[in-house]
Amino acid sequence: MALSKSELPQGTLDMLILQVVASGPIHGYAIAQRIQQISRDALQVMQGTLYPALHRLENRGLLAAAWQESETGRDAKFYRLTPRGRAQLETETANWTRLSEAIALILQSAEGAGQ
Amino acid sequence: MNWWRRLLASDRLDAELDRELRFHFDRQVEDNLRAGMPEEEARRLARLQFGGLDQLKEQCRDARGTRWVNELAADIRFGFRLLANERGLTLVAVIALALGIGVTNTFFTVVNAVCLRGLPIDDAGRVMYVAARDARESDQGLSFPDFTDMREGSRAFSGLAAFVSAPVVVGDEDRASDRAPGAHVSSNTFELLREHPVLGRDFSPEDDRPGAPPVVILGADVWHTRYGADPALIGRTIRVDGRPSIVIGVMREGFKFPDNATVWRPLALMPGVLEQRRDSRSLSVVGRLRDGATMLEATAELNAIASDLSRRFPDTNKGVRTTVIPINDRYNARITDPVWLAFMTAGFLVLLVACANVGNLLLMRATQRSREIAIRVSLGATRLRVLRQLLLESATLAALGGIVGLGLSFLGARLLSLTLTENAPYWVHFTMDARGFAALATVCLGSVFLFGLAPALHLSRTDVNELLQDGGRAGTGGIRARRWTAALVAAEFALTVVLLAAVAVGFRNFQAAQASDLVINPSNLLTMWVSLPADRYPTPERQMELCDGLRERLRGTGVISSTAFASALPFGGAATRTLAIDGRPTLNGPPPNVSTLAIGGRYFETLGVPVLRGRAFNDTDGMPGRENAIVNERFVAMHFPHHDPIGRRIQLTDPDAHAPAPWLTIVGVSPAIRQRPQGLDPDPVVYVPLRQMPRSTVTVVLRHSSDPTSVAAMVRQELRSLDPELPLYRLLTMDRVISESRMNGRLSQALITIVACIALALSVIGLHAVTGHAVAQRAREIGIRMAMGARPGHVVRMVLRRAMAQSCVGLLAGLGCTVLWERLLGDPTQRFRMTDPVVLTMVAVLVGVVAFAACVWPARRASLLDPISTLRTE
């Protein structure tokens, strides 16, 4: 399932990017691959959404970028998490968890009531 | 990379973006190849997956957050290019705006200097002016005993100081004396004002004690002009008002507190101040509030002291309380005075006319730009973006106009400085300061909205489809635009009418005043002033002795045919007294006021004015038992309209004096020579002999038969031989005196005439441009009419009819506004009001003729249109 802009909210994509970058410096193509891999092909991020988001995060100071040599020998732009980015990731993860738990509770109780 | 660096390094960022996306693309292709696709297929798939590359790059660039700066820069560049292309329109618009903004700024500079800026005192907001208000609600100064009590009892002020302005005579052994404006000040005055002498030392409390050796501090002016900026002057002795005084300090350039003073002496040295009675309220008092104290606290505290004084000294202080106001409130002119309001309003009117003009020009150009706007809109520009761009163009015009206008206002302020500031207080300078620049910026910005908003709104609302179908000629939009331009032209004319009415009525009043008042014969009359210091001329006899001696000597010179002395010159104001007439019961209400003048020598003979009834004064008039008076015709008309005033007795009371005034017998009637410069009719004047009103200065008027310069030198000589310490000052011919008394009136007249002419010129240009544009718009219609048989005369009449209709509407609106102006801001003391029928007729005729001239040329051009060529071109 490939997601266009309208399906995956911008905030959520930002959070996913931050999470992927958290484990170490990584370039844009690899971020796209990783999201696809880890979600077991459920999420596929298009370049049209990925790169604007990456640049936005970089401009907000949540990511820092540097040009380094990649695994293929060519130079690529590698992104890594800044301390602010780490703090933002924690906040957003906590929010998301709280939100999804609350929704899950409501859905469960609705099922229970329905039965 | 922060925002600023992102803005400036956009090229490098673009290159990086390119590399990044290319890297991603190549990796995608590699993966596709590894998955087994052929080369072509791999590339094609990768390209599909990538999507629109340019759009992607746009979005990444947007994410930088610097897009609006680039848009703004592009808009500004485009605006400049557009203005450069339409040089004619730009020039006219910039000139119109420059005139409007220039006039407004000049007027504001004046108002700022006179009403807003205030004295150049450090932290002037904490310096207060203290005055006494008596039971009759009239404001007075403080008396010395009251001041001392306040100073000792006050905690809210860190210091209180008293001062009195008094001109002094500065003399040395070897030179003629000079008269200089001066002041007596408390020893802590300069300290309170946070000023310090640049040379020498300030006053100390020891200098301000009775019996202390006399000291004096000089101002920079006197130090430079009289003593050549000699630093060794400190410690030397000079004679001030005849008394040897040691110079202890020199103040900085530009400091002339309180009243253009250049010589300061301690207050204790003022004759009579220490013995001043408690009800002799002549001291001005200022004080600086202590840190943390408020004006209200200070007022309450001083009022408590005042009520205590009124308890202890009921004879002199009953019902007297104190008022405390910021010092600038006391010395600044009130901006809410009708004079200043009218002044500022006139400036705004010109600005409005200029903005209406430029608005019109932009609206006319709008019809030509609608096509371009339609294309922009169809390419995706939002209405906001279009509006922003149009407003930016207007802002550019306003900025250019503002810069030129600033230059014009510098010129204007310079001109006004030269002519107005001769006797002005020392803190009035017609210069731009921070407040002036802020006002200028506001005016420019405001004018953008005044003239730019309507055309921009109108233009940004263009319907794309309608426009592109119509071949670029707006259909219904054209009618709306035409109504706007017509309204603007009418508004311009209305405003111009108001200004012209003000000019015309001012002119009429001026002429009337000039014609009626010149009763005296001013040719070959020389005037001058002499001071008579109280310590050497204490009694009237001594003063008369000097005057008689001078008269004798002057007669002996042979070129002076007659000499007169007086307490004031004609047109030079006079003292006011309240009048009581013997044998007439006092009416309820305040008693009438008259002007009074002390005269000596052959006053009326010297002025060339005959005494109409009775006789002039002789040498014995004024002595005890012979208190006589001469009245002028206006006095007779007001108080003795049906009787002969000769022999009747009157009493003139000085509201500040204590002893009852003597009863005077009228012995003569003179023609009505005016003392007060303004006002409808000359004032009623009562003349008394000089010995009856002893003075500290006297003016000498003499009729001579030689040239003024040599006569002046002669008079100086004679006076020096009588008393070398008496200076002669303010030497002027009578012609000059009269013209100077009229100077203010003439000046404001000239100002408003210039302003009205500017407004008229702008209106004419506006009407001309609008009519010409309308003709161009209607060229096709006119061509058709002519092709169908209309004669050139018809065409001309048609064009003229519409144009004149616009101006007539404007004229009528203007007449209405004039009535409104007169009601709100009119001056009731003038003979002619702005609603005077003659004035309005003159203005209406002038405007009608000018409007006709403005549109007859385009009308004629319309009639010369060739129908074939107009029908052929689109």
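Which residue of chain A meets the side chain of B:Arg27 in a salt bridge? The partner is A:Glu71, at 2.7 Å from N to O. A salt bridge is a side-chain nitrogen of Lys or Arg within 4 Å of a carboxyl oxygen of Asp or Glu. B:Arg27 lies in helix H2 of chain B, and A:Glu71 in the loop between strand E4 (63-69) and strand E5 (75-81) of chain A, so the pair joins two chains. Helices (H or I, at least four residues) and strands (E, at least two) are DSSP runs, numbered from the N terminus. B:Arg27 counts as buried at 13% relative accessibility, whereas A:Glu71 counts as exposed at 56%. Here buried means under 20% relative accessible area, exposed over 50%, and partly exposed in between (1.4 Å probe, protein chains only).

The model is predicted: local features need pLDDT of at least 70, side-chain atom pairs count only at pLDDT 80 or more, and totals for chains, interfaces and linings use all residues. Residues are numbered from 1 along each chain as its sequence is written, chains are lettered from A and ligands numbered from 1 in the order in which they are written, and side-chain values use heavy atoms, with hydrogens and water left out.

The interface was examined next. In all, 21 residues of chain B are in contact with 22 residues of chain A. Contact means heavy atoms within 4.5 Å. The size of an interface is often given as the accessible area lost when the parts come together. Chain B and chain A bury about 2100 Å² between them, with 53% of it on carbon and sulfur atoms. Buried area is the accessible area (1.4 Å probe) that two parts lose on being put together, summed over both. In chain B, the most area is lost to chain A by B:Glu20, B:Phe23 and B:His24, together 32% of what that side buries.

Four salt bridges are counted between chain B and chain A. A:Arg74 forms a salt bridge with B:Asp26, and their closest N and O atoms are 2.5 Å apart. On the side of chain B that touches chain A, the elements giving two or more residues are helix H2 (10-34), helix H3 (39-50) and helix H4 (53-62) of chain B. The largest share, 13 residues, comes from H2(B). By class, this side has seven nonpolar, four polar and ten charged residues. Ala, Val, Leu, Ile, Met, Phe, Trp, Tyr, Cys and Pro count as nonpolar, Asp, Glu, Lys and Arg as charged, and the others, Gly among them, as polar.

Chain A has four helices and five strands. Along the sequence they follow the pattern β-α-β-α-β-α-β-β-α. Of the 115 residues in chain A, 34% are buried.

Over all chains, the structure holds 44 salt bridges. B:Glu71 forms one with B:Arg388, the closest N and O atoms being 2.6 Å apart. This pair links distant parts of the chain: B:Glu71 is in helix H5 (residues 67-85) and B:Arg388 in helix H14 (residues 383-420) of chain B, 317 residues apart. B:Glu71 counts as buried at 17% relative accessibility. B:Arg388 counts as partly exposed at 30%. Both belong to a network of salt bridges that also links B:Asp62, B:Arg67, B:Asp75 and B:Arg385.

Rings of Phe, Tyr and Trp (its six-membered ring) pair if their centres lie within 6.5 Å; planes under 30 degrees apart count as stacked, over 60 as edge-to-face and the rest as tilted. The rings of B:Phe190 and B:Phe203 are stacked, with centres 6.0 Å apart and planes at 20°. B:Phe190 counts as buried at 1% relative accessibility, and B:Phe203 counts as buried at 7%. B:Phe255 and B:Trp264 form a tilted pair, 5.5 Å centre to centre with 35° between the planes. One aromatic cluster is formed by B:Tyr129, B:Tyr331, B:Tyr426 and B:Trp427.
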